[in-house]
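Subject: Structure handover

Hello,

Here is the structure for you to take over.

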Amino acid sequence: MKKFALFLSVLILVMSLSVFAADHGTTAAYATVKPVIDGQIDEIWEYTSKQVLPDEYDISNSYTKILWDESGLYLLAVVGDESITENDVDARNSVDFWVSEKNTKAMGYATDPGDWHFCKASDGHEIYYTGNENVYEVAESAVVLTDTGYIIELYVPYLSDIKPQEGTVIGYTVSINDDFDGDGVRDGYVFWAHSDENEAYWENTSALIDVTLVAGPDPLIFAPETEAPAEDAPAEEEPSQVQVAPQTFDMMFFAAAAAVATASAAIAAGKRKK
Ligand SMILES: [Ca+2]
Ligand SMILES: [Ca+2]
(Lines give C-alpha, C1' and ligand atoms only; values in the text may rest on other atoms or scores of the structure.)
(Ligands and ions follow the chains in the order given, each with its own letter.)
Protein backbone atom coordinates (compact mmCIF):
# COMPACT_ATOMS: atom_id res chain seq x y z
CA MET A 1 0.00 0.00 0.00
CA LYS A 2 2.90 2.33 0.84
CA LYS A 3 4.49 1.50 -2.50
CA PHE A 4 1.27 2.35 -4.28
CA ALA A 5 1.02 5.67 -2.41
CA LEU A 6 4.63 6.46 -3.38
CA PHE A 7 3.92 5.56 -7.01
CA LEU A 8 0.81 7.75 -6.95
CA SER A 9 2.65 10.74 -5.49
CA VAL A 10 5.48 10.38 -8.05
CA LEU A 11 2.87 10.16 -10.83
CA ILE A 12 1.13 13.30 -9.59
CA LEU A 13 4.48 15.10 -9.36
CA VAL A 14 5.41 14.12 -12.93
CA MET A 15 1.98 15.15 -14.22
CA SER A 16 2.12 18.49 -12.42
CA LEU A 17 5.62 19.13 -13.81
CA SER A 18 4.46 18.43 -17.36
CA VAL A 19 1.47 20.73 -16.88
CA PHE A 20 3.86 23.38 -15.56
CA ALA A 21 6.08 22.89 -18.63
CA ALA A 22 3.08 23.27 -20.93
CA ASP A 23 2.07 26.52 -19.24
CA HIS A 24 5.59 27.84 -19.05
CA GLY A 25 5.67 28.88 -22.67
CA THR A 26 8.96 29.44 -24.40
CA THR A 27 12.03 31.64 -24.25
CA ALA A 28 13.64 34.38 -26.31
CA ALA A 29 17.43 34.74 -26.21
CA TYR A 30 19.25 38.05 -25.96
CA ALA A 31 20.47 39.28 -29.35
CA THR A 32 24.18 39.26 -28.52
CA VAL A 33 24.59 40.22 -32.17
CA LYS A 34 21.74 42.03 -33.93
CA PRO A 35 20.33 40.06 -36.85
CA VAL A 36 20.37 41.90 -40.16
CA ILE A 37 16.75 42.43 -41.26
CA ASP A 38 17.10 41.12 -44.82
CA GLY A 39 15.18 37.80 -44.88
CA GLN A 40 18.43 35.81 -44.62
CA ILE A 41 18.80 33.71 -41.46
CA ASP A 42 21.77 35.04 -39.45
CA GLU A 43 23.88 32.78 -37.19
CA ILE A 44 22.43 34.44 -34.04
CA TRP A 45 19.03 32.87 -34.79
CA GLU A 46 20.53 29.44 -33.98
CA TYR A 47 20.78 30.40 -30.32
CA THR A 48 17.11 30.99 -29.47
CA SER A 49 14.03 28.76 -29.07
CA LYS A 50 11.90 27.67 -32.00
CA GLN A 51 8.09 27.78 -32.06
CA VAL A 52 6.92 25.10 -34.48
CA LEU A 53 3.55 25.38 -36.25
CA PRO A 54 1.45 22.42 -37.40
CA ASP A 55 1.42 21.19 -41.03
CA GLU A 56 -1.99 21.81 -42.57
CA TYR A 57 -3.40 23.05 -45.91
CA ASP A 58 -0.35 24.10 -47.99
CA ILE A 59 1.57 25.10 -44.85
CA SER A 60 4.44 22.82 -43.79
CA ASN A 61 7.74 22.85 -41.86
CA SER A 62 7.04 26.32 -40.49
CA TYR A 63 8.42 27.94 -37.35
CA THR A 64 9.16 31.25 -35.70
CA LYS A 65 11.89 32.52 -33.37
CA ILE A 66 12.28 35.54 -31.11
CA LEU A 67 15.33 37.54 -30.00
CA TRP A 68 15.37 40.61 -27.77
CA ASP A 69 17.65 43.42 -26.68
CA GLU A 70 17.28 46.72 -24.85
CA SER A 71 15.83 48.43 -27.94
CA GLY A 72 13.21 46.00 -29.21
CA LEU A 73 12.16 42.55 -30.41
CA TYR A 74 13.40 40.61 -33.43
CA LEU A 75 11.07 38.03 -34.98
CA LEU A 76 11.76 35.40 -37.59
CA ALA A 77 9.17 33.35 -39.50
CA VAL A 78 10.21 30.52 -41.80
CA VAL A 79 7.17 29.38 -43.77
CA GLY A 80 6.66 26.40 -46.05
CA ASP A 81 3.84 27.29 -48.45
CA GLU A 82 3.44 25.54 -51.80
CA SER A 83 0.97 28.14 -53.12
CA ILE A 84 2.18 31.74 -53.23
CA THR A 85 0.14 34.62 -54.67
CA GLU A 86 2.15 37.10 -56.77
CA ASN A 87 0.04 40.17 -56.00
CA ASP A 88 -1.39 39.35 -52.58
CA VAL A 89 -3.18 42.65 -51.86
CA ASP A 90 -5.24 41.17 -49.02
CA ALA A 91 -2.25 39.28 -47.56
CA ARG A 92 -3.85 35.83 -47.77
CA ASN A 93 -0.52 34.00 -47.75
CA SER A 94 0.91 35.78 -44.74
CA VAL A 95 2.23 35.64 -41.19
CA ASP A 96 0.47 37.29 -38.21
CA PHE A 97 2.70 38.15 -35.25
CA TRP A 98 0.73 38.79 -32.04
CA VAL A 99 2.68 40.54 -29.26
CA SER A 100 2.04 41.99 -25.85
CA GLU A 101 5.31 43.55 -24.70
CA LYS A 102 4.10 43.97 -21.13
CA ASN A 103 2.08 40.74 -21.17
CA THR A 104 -1.11 42.60 -20.32
CA LYS A 105 -3.30 39.47 -20.34
CA ALA A 106 -6.20 41.76 -21.26
CA MET A 107 -9.48 41.45 -23.12
CA GLY A 108 -8.65 43.29 -26.32
CA TYR A 109 -5.46 44.82 -27.77
CA ALA A 110 -6.03 48.37 -26.55
CA THR A 111 -4.87 48.50 -22.94
CA ASP A 112 -1.19 49.25 -23.62
CA PRO A 113 0.85 50.69 -26.53
CA GLY A 114 2.93 47.50 -26.39
CA ASP A 115 -0.03 45.38 -27.49
CA TRP A 116 0.33 45.01 -31.27
CA HIS A 117 -0.23 42.78 -34.25
CA PHE A 118 1.86 42.78 -37.42
CA CYS A 119 0.84 41.00 -40.63
CA LYS A 120 3.12 40.59 -43.63
CA ALA A 121 2.43 38.60 -46.80
CA SER A 122 4.84 36.57 -48.88
CA ASP A 123 4.79 39.32 -51.52
CA GLY A 124 5.44 42.09 -48.95
CA HIS A 125 1.89 43.43 -48.49
CA GLU A 126 1.05 44.41 -44.91
CA ILE A 127 -2.46 44.49 -43.40
CA TYR A 128 -3.51 46.25 -40.18
CA TYR A 129 -5.99 44.33 -38.06
CA THR A 130 -5.79 45.22 -34.35
CA GLY A 131 -3.59 46.69 -31.60
CA ASN A 132 -1.19 49.63 -31.82
CA GLU A 133 -1.17 50.60 -35.50
CA ASN A 134 2.08 52.58 -35.01
CA VAL A 135 3.91 49.28 -35.28
CA TYR A 136 3.69 49.64 -39.07
CA GLU A 137 5.42 53.04 -38.86
CA VAL A 138 8.39 51.89 -36.79
CA ALA A 139 8.89 48.26 -37.82
CA GLU A 140 11.73 47.15 -40.06
CA SER A 141 10.88 44.03 -42.01
CA ALA A 142 11.99 41.97 -44.98
CA VAL A 143 10.51 39.02 -46.83
CA VAL A 144 12.25 36.72 -49.31
CA LEU A 145 10.85 33.82 -51.29
CA THR A 146 12.54 30.43 -50.91
CA ASP A 147 12.28 27.18 -52.88
CA THR A 148 9.64 25.97 -50.42
CA GLY A 149 7.87 29.16 -49.29
CA TYR A 150 9.13 32.37 -47.73
CA ILE A 151 11.06 33.89 -44.83
CA ILE A 152 10.09 37.02 -42.90
CA GLU A 153 12.45 38.92 -40.61
CA LEU A 154 10.98 41.67 -38.43
CA TYR A 155 12.38 44.16 -35.94
CA VAL A 156 10.05 46.25 -33.79
CA PRO A 157 11.45 48.83 -31.35
CA TYR A 158 9.46 48.72 -28.11
CA LEU A 159 6.18 50.61 -28.33
CA SER A 160 5.60 50.42 -24.56
CA ASP A 161 7.74 51.69 -21.67
CA ILE A 162 8.99 48.17 -20.98
CA LYS A 163 12.43 47.91 -19.35
CA PRO A 164 13.36 44.43 -20.53
CA GLN A 165 15.87 42.27 -18.72
CA GLU A 166 16.57 38.57 -18.25
CA GLY A 167 13.46 37.05 -16.66
CA THR A 168 11.00 39.57 -18.13
CA VAL A 169 7.95 37.81 -19.59
CA ILE A 170 6.19 39.02 -22.75
CA GLY A 171 3.08 37.64 -24.47
CA TYR A 172 3.33 36.12 -27.94
CA THR A 173 1.83 33.86 -30.51
CA VAL A 174 1.97 33.56 -34.28
CA SER A 175 -0.37 32.37 -37.03
CA ILE A 176 0.12 31.67 -40.74
CA ASN A 177 -2.60 32.25 -43.34
CA ASP A 178 -2.99 30.22 -46.52
CA ASP A 179 -4.79 30.80 -49.79
CA PHE A 180 -4.06 27.51 -51.56
CA ASP A 181 -6.20 27.96 -54.72
CA GLY A 182 -5.01 31.47 -55.58
CA ASP A 183 -8.45 33.14 -55.61
CA GLY A 184 -7.53 35.83 -53.06
CA VAL A 185 -9.67 34.24 -50.33
CA ARG A 186 -8.08 32.69 -47.27
CA ASP A 187 -8.64 28.92 -47.24
CA GLY A 188 -7.15 28.14 -43.86
CA TYR A 189 -4.68 29.12 -41.15
CA VAL A 190 -2.47 27.48 -38.55
CA PHE A 191 -1.23 28.94 -35.27
CA TRP A 192 1.50 28.13 -32.78
CA ALA A 193 -0.39 28.19 -29.45
CA HIS A 194 -2.87 30.02 -27.25
CA SER A 195 -3.54 30.04 -23.53
CA ASP A 196 -5.89 27.46 -22.06
CA GLU A 197 -8.18 30.18 -20.73
CA ASN A 198 -8.75 32.06 -23.97
CA GLU A 199 -8.31 30.80 -27.51
CA ALA A 200 -9.13 34.12 -29.24
CA TYR A 201 -5.54 35.32 -29.59
CA TRP A 202 -6.71 37.58 -32.44
CA GLU A 203 -9.02 39.44 -30.02
CA ASN A 204 -7.41 39.30 -26.57
CA THR A 205 -3.85 39.49 -25.28
CA SER A 206 -5.00 37.15 -22.49
CA ALA A 207 -4.73 34.35 -25.06
CA LEU A 208 -1.03 34.94 -25.72
CA ILE A 209 1.66 32.60 -24.44
CA ASP A 210 4.35 33.59 -21.92
CA VAL A 211 7.78 34.09 -23.46
CA THR A 212 10.61 34.57 -20.97
CA LEU A 213 13.54 36.74 -22.02
CA VAL A 214 16.80 34.90 -21.32
CA ALA A 215 20.53 35.44 -21.80
CA GLY A 216 22.03 35.16 -25.26
CA PRO A 217 25.09 33.28 -26.51
CA ASP A 218 28.66 34.31 -25.63
CA PRO A 219 29.74 37.28 -27.80
CA LEU A 220 33.10 35.53 -28.38
CA ILE A 221 31.28 33.06 -30.67
CA PHE A 222 30.76 35.91 -33.11
CA ALA A 223 34.19 37.56 -32.72
CA PRO A 224 36.23 37.59 -35.94
CA GLU A 225 39.13 35.11 -35.92
CA THR A 226 42.36 36.73 -34.71
CA GLU A 227 45.81 36.05 -36.22
CA ALA A 228 47.95 33.40 -34.57
CA PRO A 229 50.53 34.65 -32.00
CA ALA A 230 53.99 35.46 -33.40
CA GLU A 231 55.72 32.47 -31.75
CA ASP A 232 53.35 30.10 -33.50
CA ALA A 233 53.76 31.73 -36.88
CA PRO A 234 55.15 29.30 -39.46
CA ALA A 235 57.08 32.16 -41.11
CA GLU A 236 60.27 31.31 -39.18
CA GLU A 237 60.28 27.73 -40.35
CA GLU A 238 59.85 28.51 -44.02
CA PRO A 239 63.41 29.80 -44.72
CA SER A 240 64.96 26.63 -43.28
CA GLN A 241 62.63 24.56 -45.47
CA VAL A 242 63.76 26.60 -48.47
CA GLN A 243 67.38 25.94 -47.49
CA VAL A 244 66.76 22.21 -47.19
CA ALA A 245 65.89 21.86 -50.85
CA PRO A 246 69.29 22.95 -52.31
CA GLN A 247 71.05 20.80 -49.70
CA THR A 248 68.99 17.82 -50.75
CA PHE A 249 69.68 18.62 -54.37
CA ASP A 250 73.39 18.95 -53.66
CA MET A 251 73.43 15.62 -51.82
CA MET A 252 71.59 13.91 -54.67
CA PHE A 253 73.91 15.54 -57.20
CA PHE A 254 77.00 14.34 -55.38
CA ALA A 255 75.52 10.88 -54.86
CA ALA A 256 74.70 10.65 -58.57
CA ALA A 257 78.12 11.98 -59.53
CA ALA A 258 79.76 9.47 -57.19
CA ALA A 259 77.69 6.66 -58.71
CA VAL A 260 78.69 7.71 -62.22
CA ALA A 261 82.33 7.90 -61.16
CA THR A 262 82.13 4.46 -59.56
CA ALA A 263 80.45 3.02 -62.64
CA SER A 264 83.01 4.63 -64.94
CA ALA A 265 85.82 3.22 -62.79
CA ALA A 266 84.22 -0.21 -62.93
CA ILE A 267 83.85 -0.02 -66.72
CA ALA A 268 87.42 1.14 -67.02
CA ALA A 269 88.55 -1.67 -64.75
CA GLY A 270 86.48 -4.13 -66.80
CA LYS A 271 87.97 -2.86 -70.00
CA ARG A 272 91.40 -3.29 -68.54
CA LYS A 273 90.60 -6.90 -67.54
CA LYS A 274 89.72 -7.80 -71.10
CA1 LIG B 1 18.95 38.34 -41.52
CA1 LIG C 1 -0.66 29.37 -49.95
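Predicted model: local features only at pLDDT ≥ 70, side-chain atom pairs only at ≥ 80, totals over all residues.

Residues are numbered from 1 along each chain as its sequence is written, while chains are lettered from A and ligands numbered from 1 in the order in which they are written.

Start with strand 4, residues 72-81. Strands (E, at least two residues) are DSSP runs, numbered from the N terminus. Nine of the 10 residues of strand 4 are buried, so the rest of the structure largely encloses it. Buried means 20 or more other C-beta atoms within 10 Å of a residue's own; exposed means 12 or fewer; partly exposed lies in between; C-beta atoms are placed from the backbone.

Strand 4 pairs with strand 3 (residues 59-68), antiparallel, through eight bridges. Pairing requires at least two DSSP bridges between two strands. Three residues separate strand 3 and strand 4, which form a hairpin. Strand 4 also pairs antiparallel with strand 8 (residues 149-157), over nine bridges. Val78 shows both contacts: its bridge partners are Tyr63 and, in strand 8, Ile151.

Now the two asparagines. Asn61 lies in strand 3. Its phi is near 45 degrees, positive in a residue other than glycine. Asn61 is partly exposed, with 13 other C-beta atoms within 10 Å.

Asn103 sits in the loop between strand 5 (94-100) and strand 6 (115-121). Asn103 counts as buried, because it has 23 C-beta neighbours inside 10 Å.

Best wishes

Technical notes: Helix = DSSP H or I, 4+ residues; strand = E, 2+ residues; numbered from the N terminus.
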